[in-house]
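Good morning, and thank you for making time for this presentation. I would ask you to keep the sequence and the model in view while I speak.

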Amino acid sequence: MVIIAIFVCSLLGSMIIGVPIAYSLIICGIGMMYYLDLFDAQIIAQNLINGADSFPLMAVPFFMLAGELMNSGGLSKRIVNMAIALVGHIKGGLGYVTILAACLLASLSGSAAADAAALAALLVPMMVKVGHNKGTAVGLVASAGIIAPVIPPSIGLILFGVAGNVSITKLFLAGIVPGLMMGVSLCIAWYLVSRREVIETTPRASSKEVFKAFYEGIWALILPIIILVGLKFGIFTPTEAGVIAAVYALLVSLFVYRELKIQDLYGVLLSAVTTTAMVMFLVASALVAAWVITVADLPSEVIALLEPLMDSPRLLMLLIVVIVILIGMAMDMSPIILILAPVMLPVAVEAGIDPVYFGVIFVMTCAIGLITPPVGLVLNVVAGVSKIDFVATVRGTLPFLLAELLIVGLLLLFPDLLIVPAAWMSS
């Protein structure tokens, strides 16, 4: 109990006084090391180096680079154009375009903030122009953006796989169906919300326009097929898939669409490197705390606390989901995964919960935290890009947030909805 108190108090105390999360994790590790009489500066340095020295983690910079290249090189824009050609003529069609484009972009980049920013810049002005409420439009974009951490290639699933020592390939394949279920739930919620609005509808695209949109966008569609087929049949690892995605996006942007110029590469690389550096330092810092958590056998302490729930996996999962949602209101997705996964996963496994199932639900819940106030990274991103008040964004997000929470609840009640397709995909 004492070690749990030190873990929680040192971590939360550091963050409350304004210490960055990465340094808070190091302080948390040092506090526990002092209590266990294990403090050694060399151990801290060694764990910091080992935390970043991981082959699976190499997928993170490559997928981030791929996402930057897609947004700068015109792949994202062509995905949106294809969606408009397909469903843009339906009443509220631009909302369905947003959801469809978000699912397609999720299968390309894996970054919620990047996808949401691209969709907000492209689609929110169009939605407002045809008569949609701006807050609702921005809320839909934010809610659709968080599909990216669930559908592969997902940076959140990569971090969970590394933190929990779970197969990233299995996590990727297991995330496909839940991600698509989130998309379907948003379609239903959008139908219920938009039918009350008086909006203009765009003319149905002609067969020639649909063919042109798909002809121009086919290069963007090929990439997720390459990644999923390669992972399914073991042709390459998730890390190698990241390299393939980055190289493919670079070649298409430079030589096919020709929207990315050589002189633009510096800015694209700088943006990808800056984001990668923040994530990697966070991962390295988390390993300092994770090492002490392992030495102190903190999961056993947590198992002892949750002993009454160990015979009821669904109730245990519900409690963990509630905890993650509450923490997600004040913390970003990456630190939640890195801090809680090493603690919660052993508890789940002890209760007989499949680690891949747990990982996908855990990351889904963390992703939902990206659109919960007051922090809500994706909420802030789309509000900034769309130049709208944060409170209006939160209000517009609520019906879609509820829809995605219902999907998590459905997967808690019926785990086979996730486990069966995941087992088939992995076989």
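Pro-153 lies in the loop between helix 8 and helix 9 (155-164). The helices I refer to are DSSP runs of H or I with at least four residues, as strands are runs of E with at least two, and they are numbered from the N terminus. The bond between Pro-152 and Pro-153 is a cis peptide bond, with omega at about 5°.

Before I go further, a note on the source: this is a predicted model, in which local features need pLDDT of at least 70 and side-chain atom pairs count only at pLDDT 80 or more, while totals for chains, interfaces and linings use all residues. Residues are numbered from 1 along each chain as its sequence is written, and side-chain values use heavy atoms, with hydrogens and water left out.

Let me turn to helix 8 itself. Its twelve residues reach 16 Å from the first C-alpha to the last, close to the 16 Å expected at 1.5 Å a residue; the expected span is 1.5 Å times one less than the number of residues.

Is helix 8 largely enclosed by the rest of the structure, or open? Eleven of its twelve residues are buried, so helix 8 is largely enclosed. Here, buried means under 20% relative accessible area, exposed means over 50%, and partly exposed is in between, with a 1.4 Å probe and protein chains only. The buried residues of helix 8 pack against helix 6, helix 7, helix 11, helix 19 and helix 20 (390-413), where contact means heavy atoms within 4.5 Å.

Helix 6 (residues 93-106) is one of those partners. Twelve of its 14 residues are buried, so helix 6 is also largely enclosed by the rest of the structure. Among the buried residues are Gly-93, Tyr-96, Cys-103 and Leu-105. The cover over the buried residues of helix 6 includes helix 5 (75-87), helix 7, helix 8 (134-145) and helix 11 (176-194). The end C-alpha atoms of helix 6 are 20 Å apart, which agrees with the 20 Å that its 14 residues should span at 1.5 Å a residue.

Leu-105 leads us to a cavity, as it is one of the residues that line the second largest cavity, together with others including Gly-67, Met-70 and Asp-115. On a 1 Å grid over the protein atoms alone, a cavity is a set of points where a 1.4 Å probe fits but cannot get out; a pocket is an open set with protein on both sides within 12 Å along at least five of seven lines; and lining residues have an atom within 4 Å of a point. The second largest cavity has a volume of about 30 Å³, a volume being the space filled by probe spheres set on the points, which are joined across faces, edges and corners. Helix 4 gives the largest share of this cavity's lining, three residues.

Next, the pockets. The largest pocket has a volume of about 680 Å³. Its lining comprises 27 residues, of which Met-64, Thr-275, Val-279, Asp-332 and Leu-377 lie nearest the centre. Helix 14 provides the largest share of that lining, seven residues. By class, the lining of the largest pocket holds 18 nonpolar, seven polar and two charged residues; Ala, Val, Leu, Ile, Met, Phe, Trp, Tyr, Cys and Pro count as nonpolar, Asp, Glu, Lys and Arg as charged, and the others, Gly among them, as polar.

The second largest pocket has a volume of about 510 Å³. Of its 21 lining residues, Phe-7, Val-8, Ile-327, Leu-340 and Met-344 are the closest to its centre. The lining of this pocket has 21 nonpolar, no polar and no charged residues. Its largest share, six residues, comes from helix 1.

Helix 1 also holds Ser-10, which is buried at a relative accessible area of 17%. The side chain of Ser-10 reaches the backbone oxygen of Ile-6 at 2.5 Å.

Asp-37, in the loop between helix 2 and helix 3 (41-52), has a positive phi of about 60° although it is not a glycine, and is exposed at 70% relative accessible area. Asn-165, in the loop between helix 9 and helix 10 (168-174), has a positive phi near 55° and counts as exposed at 71% relative accessibility.

Note on methods:
A polar contact is a pair of N or O atoms within 3.5 Å; within protein, one must be able to donate a hydrogen and the other to accept it, and residues adjacent in sequence count only if both atoms are side-chain atoms.
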